[in-house]
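Hi,

Here is the structure I promised you. Please open it alongside this email.

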Amino acid sequence: MKFSQIYAPTLRETPAEAEVVSHQLMLRAGMIRKAAGGIYTYLPLAWRVLKKIEHIVREEMDAQGGQELLMPIVQPAEMWQESGRWAVYGDEMFRLTDRHDRNFCLGPTHEEMITTLVRSDVRSYRQLPILLYQIQNKYRDEIRPRFGLMRGREFIMKDLYSFDKDEDGLNISYKKMYDAYTNVFSRCKLKFRPVEADSGAIGGSGSHEFMVLAESGEAEIVYCTSCDYAANVEKAELLPLDEISTGEKLPLTQVHTPNCKSIADVAKLLHIDKQQTIKSIAFETDQGPVLALVRGDHEVNEIKVLNKLNLINITMASEKSIIDDYQSVPGFIGPCGLPKKIKIIADVNVMKMINAAAGANIADYHLQNVNPGRDFAADIIADIRLIQENDPCPHCAMPVKKARGIEVGQVFKLFTKYSSALKATYLDENGKEKPMVMGCYGIGVSRTMAAAIEQNYDEHGIIWPVPIAPYQVVVIPVNSKDTNQVQLAELVCRQLNLHGIDSVWDDRNERAGVKFKDADLIGYPLKITIGPKSISEQTVEVKERKTGQIHFFSTSDYLENIIELLQKL
Ligand code: ATP
Ligand code: MG
């Protein structure tokens, strides 16, 4: 392939709108162009990478018994109304109306579509298990589409759905997908980690996310320094800590704390440690106002509050709500004496505190010697705090560490959530009707391409892992006016392609420096330079993009050497 024939308009400058490296480099390397916020055209180089990722995904899905199909992107509202999600999906769903005023959406995911399909065709336990998947565009009107392909509004996803007779069957399907995902990301040569993930109201150990480790990742994960525990911080459960205070419960007193709106200010003024204060966070939810309490040195994990209370929405309370609903004062909110309609959810560690300080719900005042149980009652006591670095691992109690990751895939046990709602049942061995037991499993194909770049780049450009590189080798004649060099470059490129190595040769009438720069930017794993010595001494220079290591191979045996080198990379 000649480089001049590839539609890869490279850019010299970094486009200002691109915040993260993958976005910048894909624009500069002529891989993507923006059509609208979060919506991109994949140019030929990007499309080649995506096809390679998809190929790996397909092989691994098929190896586990997955069957590929293709469902519609345009989905009728009725199936979403039946599952109950039409009302709760919210603004993230792209909705549209046809000429007859019928409602549709652009599929953000396909549980409804596939469950409706399978329920009409599957009757007997003999037909189960079934694993069906597709690779297709998904549509989500994200609040903040950003970071290029990382958080798009149109993106490519592989979604597989499993249907089993029972939970044992689901566990087998789940394990198959977990293994397949491990293979996919290993074969893409990415550094990743599966972590326990939040599984919403369903709870249990029903979900894992596959995180590509990268500083720019939006997700925060924790991992144990001793055992193999790893989890999304949203999910990470915590063991209750030891009691920190003992002694006699003293009478409640009110103290003047002018302008002390933060825990740090209050602790300083009262000469106490932050852990002797109670942090009160006010929320507005679909079930009304909720006050969450954690120790002053801890943070609230909103997702835990959402799950523990079975909420659909949770947002920080506005100042107006703090005044009107909580009858309190922003900055001085606390758990004592609140109106009855305020639901209080307290972290387990709060309930063990003795003589704590908390907001008095009066401007410029706090309460001292607050004793949970005596001075306020919690409606719910639960683990609601956010894990912090060095907290004890929930499995082995050794300290945990934090890292950042990009979620490239998630596997999820749905159990009978959708099959019950959409009545997808089968007849078991005894002729009894039962709901199918389901799982769903997604891979962000386009996000995986971006994540690969976030993990593999330097100041010159992308460094593609060999299995997903758009081309594995670029061949560059140093002097484009020297016919011998040009002819040899073309020959080498042709031979490589004949041997199954995706290669391109740079036939442009450009200075060598320009060609080298573009090669580094596009990130081919190997660069072969054809210069005067290639003609006079019959050698080619081969440079590894990742390490910069240079090899000289004779023109008679370079092929074997390159094949060997690519396997090692
Ligand atoms: P996130 O938490 O990042 O919004 P999600 O948990 O909503 O993602 P899933 O429903 O689990 O996403 O979708 C499966 C996979 O699709 C994700 O693991 C991710 O790789 C990819 N994905 C999800 N949303 C986007 C998006 N807006 N742009 C690109 N890829 C996405
Ligand atoms: Mg997810």
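Predicted model: local features only at pLDDT ≥ 70, side-chain atom pairs only at ≥ 80, totals over all residues.

Residues are numbered from 1 along each chain as its sequence is written, chains are lettered from A and ligands numbered from 1 in the order written, and side-chain values use heavy atoms, without hydrogens and water.

**Ligand 1**

Ligand 1 is surrounded by 14 residues (a heavy atom within 4 Å). The closest are R140, E142, R151, G152 and E407. Three of these make polar contacts (N or O atoms within 3.5 Å):

- The side chain of R140 has an N or O atom 2.9 Å from a ligand oxygen.
- The backbone of G152 has an N or O atom 2.8 Å from a ligand nitrogen.
- The side chain of E407 has an N or O atom 2.6 Å from a ligand oxygen.

Taken alone, ligand 1 exposes 580 Å² (Shrake-Rupley, 1.4 Å probe). The protein buries 80% of that. Strand 21 (400-415) gives the most to the shell, four residues (strands are DSSP E runs of at least two residues).

**Second largest pocket**

A pocket here is an open set of 1 Å grid points where a 1.4 Å probe fits, with protein on both sides within 12 Å along at least five of seven lines; lining residues have an atom within 4 Å of a point. The second largest pocket has 21 lining residues. K261, S280, I281, G331 and I333 lie nearest its centre. Strand 14 supplies the largest share of the lining, five residues.

Best wishes

Note on methods:
Polar contact = N/O pair within 3.5 Å; in protein donor to acceptor, adjacent residues only side chain to side chain.
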